[in-house]
Amino acid sequence: MAVAAEELIRLSNLAVSAALDPGRWQVFLDTLSCSLGTRVCTQLIGYDDLTKATPLTFSSGYDPYILELYDEHYADKNPFAANFAACKVGDVVSTHQLCRPETLKKTQFYADLLLPLEDITGGGGSMLALDGDRMFLLGGNMRSKDRDKYEDDWLRLCAQLAPVIRQSLEINRTISGLTFEKWAAEQHLMGSGTAILVIDTAMRIHYACAEAQKLLASGSLVGCGFDRRLHFRSEEDQGRFAGFVQLQSMGGFDVFRNWQARDGRGRNWTCRSIGLQLGDLDKTPFGVFMNKAVSAVLLAVRPEAGSDTFLAQMQKKLGLSPAEAATVLKLADGRTPAEIAQDREISIYTVRNQIKAALSKTGSRRQAELVRSVEQLRLQGNR
């Protein structure tokens, strides 16, 4: 039974959402395991020396005891893994191709792990990345008795999803490899209520999370037409963002921009833009193909938490004075010390002293740690 187009779109969107929140790979695999009409034990496994994702392992459908047994005794004795190196990126292979059944059934791996799970020797997967720094594989195991009916559909589904998963892993890698001064690595954890969009340098929207879709529909801050081109309601914000996109289109910058915007209802928003190089990626799930020469921009927009209530919470939780809390909040919103001084009409030396005092009071060694504390408070408040 082939997967319906609607289900393929749903799975693709889940994979894209994992680009910004790697924890959502679990949601993706849970959904994937039920997509064929029979149980498939799914896994996304691998490592990335650049981002220190070693190992990265998400799985669904396996007995927890079996997983524990694998980790303790069989992680280095996997008869399938012995042939991973022979696969090429993009290859889709069945379990029987990776390890012949007559060979597999002679192993203790089979007796202890696969046979107890109803003889899950069918299935296969797709090689997503394989080079000197990393390896990622999407795989699935199904019961031997389901193999004739479902395996071809499973392998076809792996092939269809592989380009989107590779794209999301690239974005995971890009974000995870950045320092706070550019994005903070954790900055995608801005809390529920954050609108996340991926936009190419022609201003076309390639991805919009559920919160971003709501924001676009309201038209209060941003909107788009039938051509899926993003536009800000304010000409000033549109010009600011367009300038950033133009800079990114020149290539090689991967620049970052933070600013505050005000919507048509007088509400303030924090906007953060990241330049992404997507030239090596395959395509988005919305059918718009990325040209090798095209860069893109990730835009995160969140309602500004500048209320007196939140400032009071910062003072209490972080032990800051009112002035220190006001300065640190602006720092967390991406303002530079010079911009904070201008906004608050104080000297830059006062701003620096307030930041230094806040670092000391919170036990933070760097501004990244201080701002991370503010982001955690925001996240708690948005749940």
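The model is predicted. The chain has 383 residues, and 49% of them count as buried. Its secondary structure comes to 14 helices and twelve strands. Among contacts with a separation of 6 or more, 61% join residues 24 or more positions apart. There are zero disulfides in the structure.

**Helix α11 against helix α12**

- Helix α11 covers residues 322-332, and helix α12 covers residues 337-344.
- The axes of α11 and α12 come within 10 Å. They cross at roughly 130 degrees.
- That angle makes α11 oblique to α12.
- The crossing of α11 and α12 is right-handed.
- On the α11 side, the contact uses Ala323, Ala326, Thr327, Lys330 and Leu331. On the α12 side, it uses Ile340, Asp343 and Arg344.
- What kinds of residue make up the contact of α11 with α12? Four are nonpolar, one is polar and three are charged.

**Helix α11 against helix α13**

- Helix α13 spans residues 348-362. Its axis and that of α11 are 9 Å apart.
- The two helices pack at an angle of about 95 degrees. That makes α11 roughly perpendicular to α13, because angles of 65 to 115 degrees count as roughly perpendicular.
- From α11, the contact takes in Ala323, Glu324, Thr327, Val328 and Leu331.
- From α13, it takes in Val351, Gln354, Ile355, Ala357, Ala358 and Lys361.
- The residues of this contact of α11 with α13 divide into seven nonpolar, two polar and two charged.
- Ala323, Thr327 and Leu331 of α11 take part in the contact with α12 and also in the contact with α13.

- Is Cys34 buried or exposed? Its relative accessibility is 61%, so Cys34 counts as exposed. The cut-off for exposed is over 50%.
- Cys158 is buried, with a relative accessible area of 1%. Buried means under 20%.

**Around helix α2**

- Asp30 sits in helix α2. At 35% relative accessibility, Asp30 is partly exposed.
- Asp30 and Ser59 are 29 residues apart along the chain.
- Ser33 lies in the loop between α2 (25-32) and β1 (41-48).
- Ser33 is buried, at 7% relative accessibility.
- Which residues does Ser33 contact, leaving aside neighbours within four places in sequence? They are Thr38, Arg39, Val40, Thr42 and Ser60.

- Asp237 belongs to helix α9 (residues 235-249). With 4% relative accessibility, Asp237 counts as buried.
- Neighbours within four places aside, Asp237 is in contact with Phe232, Trp259, Gln260, Ala261 and Arg262.
- Leu318 is in helix α10, which runs over residues 308-318. Its relative accessible area is 13%, so Leu318 is buried.
- Where along the chain is Ser373 relative to Leu318? The two are 55 residues apart along the chain, yet their C-alpha atoms are separated by 8.1 Å.
- Leu318 also touches Ser373. Its other contacts include Gln313, Lys361, Thr362, Val374 and Leu377, not counting residues up to four places away in sequence.
- Lys361, touched by Leu318, is also one of the α13 residues in the contact with α11.

**Positive phi in loops**

- Glu118 has phi near 60 degrees. That is a positive value in a residue other than glycine.
- Glu118 is placed in the loop between α6 (108-114) and β4 (122-130). At a relative accessible area of 44%, Glu118 is partly exposed.
- Met203 has a positive phi of about 75 degrees, although it is not a glycine.
- Met203 lies in the loop between β6 (195-200) and β7 (205-208).
- Is Met203 buried or exposed? At 12% relative accessibility, Met203 counts as buried.

Definitions and conventions. Residues numbered from 1 in each chain as written. Predicted model: local features only at pLDDT ≥ 70, side-chain atom pairs only at ≥ 80, totals over all residues. Heavy atoms only, no water. Axes fitted to C-alpha atoms, helices over the stretch in contact; angles between N-to-C directions. Helix = DSSP H or I, 4+ residues; strand = E, 2+ residues; numbered from the N terminus. Parallel < 35°, antiparallel > 145°, perpendicular 65-115°, else oblique. Left-handed = near helix turned anticlockwise from the far one by under 90°. Contact = heavy atoms within 4.5 Å. Nonpolar A, V, L, I, M, F, W, Y, C, P; charged D, E, K, R; others polar. Disulfide = S-S within 2.5 Å. Buried < 20%, exposed > 50% of the residue type's maximum accessible area, 1.4 Å probe, protein only.
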